[in-house]
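The following paragraphs guide the reader through a protein model, from individual residue pairs to the chain as a whole. The sequence and the structure should be kept in view throughout.

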Amino acid sequence: MRDASFGRPLSGPVDELQAVQVDQMHDLRSVLQVRDFRRLYSALALSSLGDWLGLLATTALAAALSKSSSAQLYAISGVLLVRLVPALVFGPFAGAFADRFDRRWTMIVSDLVRGGLFVGIVLAQRLDVLIVATFLIETFSLFWIPAKEASVPNLLAPEQLETANQLSLIVTYGSAVPAAALFALLSSLNRALASGIGFFHSNPVDLALYFDAATFFVAAMTVFGLTKISGRSPRANRSASDQPVSLLGSIRVGWVYVWRNKLVRGLVVGILGAFAAGGVVIALSRPYVELLSAGNAAYGLLFGDVFLGLAIGFTVGPRLLADISRRRLFGMCIVGAGACVAIVAVVPNLSLALVFVFVATAFAGVAWVTGYTLLQQEVPNELRGRTFGFVQSMIQVILFLTLAAGPALAGAIGKHRIRLGNGAYVRADGITVVLFVAGLGALAVGVSSFRRMDDRLGVSIVRELLAACHIAAPPPPAPAGFFVAFEGGEGAGKSTQIRLLESALAAAGWDDVVLTHEPGSTTPGSTLRSLLLDPATVLSPRAEALVYAADRAEHVHRVLRPRLAEGAIVLCDRYVDSSLAYQGAGREIPLDALRRVQRLATQGLQPDLTILLDLAPEIGLGRVGANRDRMEAQPLAFHRAVRDGFVALAHRERGRYLVVDATQSPERVAAEVAAEVTRRLERVAGSRHVRRADAAPVLA
Ligand code: TMP
């Protein structure tokens with residue numbers, strides 16, 4: 001029977017939510033179908049379970065090994081403190097390590113050592129060993145995390161990273177619940193066994209610690225099977241000028257990268273700002289509840305509220321807000337979270353506080369997933385470990401500082417009331433002031449990240465939000481950058497000229513120049529390129545045209561439009577005209593039909609300037625040599641028709657073309673091209689967002 005709802009447009013929030021769930025299941029399945037990611041994910045789940053179990057078991061053991069109750073408290077805080085120290089000392093090294101050494105072995109060794117240390121803790125039964133081992137376990141975890149974060153993008157396509165991050169956050173934090181249950185179960189089992197078997201007498205948490213060790217050993221075996229993630233880049237040990245660099249040198253390169261790259265800096269500052277505000281909220285939640293004259297139950301409720309908000313933010317948030325640009329969404333969510341914290345600071349009511357804490361943490365959850373995903377997508381493989389190592393250790397430092405400084409500051413401010421007359425007053429106690437300032441601080445950081453990362457310049461944020469809620473039509477994308485396409489037959493020298501133009505633009509101070517090409521600049525596109533150019537492929541002309549168009553549609557959607565929207569100067573090796581010349585003039589597909597397909601693929605995106613490097617095919621094919629791909633291997637008559645096709649296109653629309661005689665020396669061609677491009681750039685600079693450089697290139 002036909003589904004009655006088939007073809008009906010989505011209406012109402014219920015349909016919307018169902019569609020979200022269907023999309024989410026589809027994305028989840030597609031990510032979990034990748035065998036290596038599934039294995040890495042199982043290793044993460046096991047290690048996270050081990051981490052939580054370890055936290056419970058070691059603090060319990062610390063208490064059990066101490067005599068008096070105050071010694072117990074000192075021992076517990078000693079164990080917790082010792083977990084924070086490695087991040088301060090080794091954090092930066094851990095990231096550089098993940099870039100310089102084999103990531104798979106880094107993870108395997110970290111897991112084995114952590115497992116071994118847990119066994120050592122049980123065997124020693126001494127507080128000093130426990131503290132040293134905890135320090136070492138935390139240190140090795142610190143090496144494990146950037147190696148894992150940097151490996152994920154090597155296993156998945158960029159568009160799958162958001163789902164992967166959602167899954168990672170869910171297992172990392174979600175495993176706390178089964179870990180707590182398991183701890184309770186293992187402790188009871190240990191007590192039961194201790195009555196009969198002497199081996200279990202020594203301590204009630206031994207079984208939990210052995211189990212914990214086992215989770216790390218199994219995780220190590222799981223990672224052992226992952227051969228694809230070694231991911232170490234030879235460039236990570238070298239500077240931009242290809243000189244070998246020391247470990248300290250490579251840490252410096254990582255920090256310089258984070259600082260100089262505008263987008264990455266926006267992301268890192270946003271993530272750290274959000275954690276700082278989060279730290280203050282956690283540190284002050286207990287006194288805040290007292291301020292509202294509520295008791296322990298309210299404290300428990302508030303705590304549960306935080307986790308619920310985060311969980312909703314991680315899981316459904318990114319999907320519900322799917323139509324908003326990720327770069328904008330990140331800043332917006334931090335602004336939203338900051339505003340809610342500021343409101344919580346001043347509302348004198350528990351129910352309202354619960355609502356705003358929930359919304360704040362849901363925003364924080366979305367910002368977290370989005371921020372991590374953007375970092376993984378933006379940072380190149382060879383710098384990824386260092387970037388994540390840097391972020392991770394800074395998060396720990398900031399959490400540590402805010403947890404310590406928040407209550408101290410609130411205490412220093414003390415309790416005050418400002419009288420307004422008529423018996424009304426405003427609370428101005430330390431807790432309110434510090435929470436309020438933390439909220440405003442996060443809000444300011446969010447605004448700054450938003451402005452730094454905005455990729456829809458000229459599109460109103462309100463309109464985008466209304467469109468995301470399906471209240472208004474989507475805003476038309478505003479071309480902010482400048483788009484140059486290079487065209488020409490085989491061997492015309494396009495790639496050389498693009499590189500020369502890039503250098504000329506950099507020398508003239510133009511910022512954010514992007515080089516790209518068709519076919520094959522996206523993940524699916526590279527598969528299509530292999531298919532199209534493989535001499536063994538047999539394709540009918542129309543199928544060939546459609547495959548080129550499919551590659552273009554993906555390229556426009558994933559690369560060209562987003563980069564142009566950010567104000568980049570995009571230099572593209574081949575675009576629509578190649579299809580009109582090769583498939584139109586060469587394969588004789590009617591131009592009208594071809595143009596319709598192009599409109600579908602590009603949604604009307606046209607270059608600002610097309611540079612045609614004109615060359616007789618006899619000369620061009622001579623430069624290509626004997627080893628030819630499927631298109632180069634076409635007969636000479638085909639290539640002649642292609643050249644005539646290009647020239648005719650340029651003739652029809654002279655204003656948009658620069659035709660250059662490609663028989664000249666590369667330097668002369670480059671000079672002609674650079675002069676025209678710079679002239680046009682100067683002309684549009686006032687009305688577009690193309691920029692002159694304000695900083696040195698990233699890795700210089
Ligand atoms: P190239 O990127 O090395 O120049 O190779 C791409 C080949 O694909 C080249 O022979 C031109 C051909 N081509 C088409 O036939 N139609 C198109 O739309 C594009 C982009 C390329």
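D128 has a relative accessible area of 41% and is therefore partly exposed, since that value lies between the limits of 20% and 50%. In this predicted model, the side chain of D128 forms a salt bridge with R126, and the closest N and O atoms of the two are 2.7 Å apart. R126 likewise counts as partly exposed, because its relative accessibility is 47%.

A second salt bridge joins the side chains of E566 and R327, with an N to O distance of 2.4 Å. This pair connects distant parts of the chain: E566 lies in the loop between helix 20 (541-565) and strand 5 (569-573), whereas R327 belongs to helix 13 (residues 326-346), and 239 residues separate the two.

In total, the structure holds 21 salt bridges.

The next topic is the cysteines. How many disulfides are there? The count is zero, where a disulfide would require two cysteine sulfur atoms within 2.5 Å of each other. As for individual cysteines, C340 counts as buried because its relative accessibility is 8%. C572 has a relative accessible area of 0%, so C572 is buried as well.

Strand 1 (residues 417-421) and strand 2 (residues 424-427) pair in the antiparallel sense, and four bridges connect them. Within this pairing, R419 has Y425 of strand 2 as its bridge partner. Two residues lie between the strands of the hairpin, and N422 takes a positive phi near 50 degrees. How many of the five residues of strand 1 are buried? The count is zero, and strand 1 is thus hardly covered. In general, side chains in a regular strand alternate between the two faces of the sheet.

Finally, the view widens to the whole protein. It contains 25 helices and seven strands. Of its 700 residues, 48% are buried. The protein exposes about 32,100 Å², and carbon and sulfur atoms supply 65% of that area. Among the contacts with a separation of 6 or more, 80% are between residues 24 or more positions apart.

Technical notes: Residues are numbered from 1 along each chain as its sequence is written. This is a predicted model: local features need pLDDT of at least 70, side-chain atom pairs count only at pLDDT 80 or more; totals for chains, interfaces and linings use all residues. Side-chain values use heavy atoms; hydrogens and water are left out. Buried means under 20% relative accessible area, exposed over 50%, partly exposed in between (1.4 Å probe, protein chains only). Two strands pair if DSSP finds at least two bridges between them. Contact means heavy atoms within 4.5 Å. Accessible areas come from the Shrake-Rupley method with a 1.4 Å probe; for residues, only the protein chains shown count as cover. A salt bridge is a side-chain nitrogen of Lys or Arg within 4 Å of a carboxyl oxygen of Asp or Glu.
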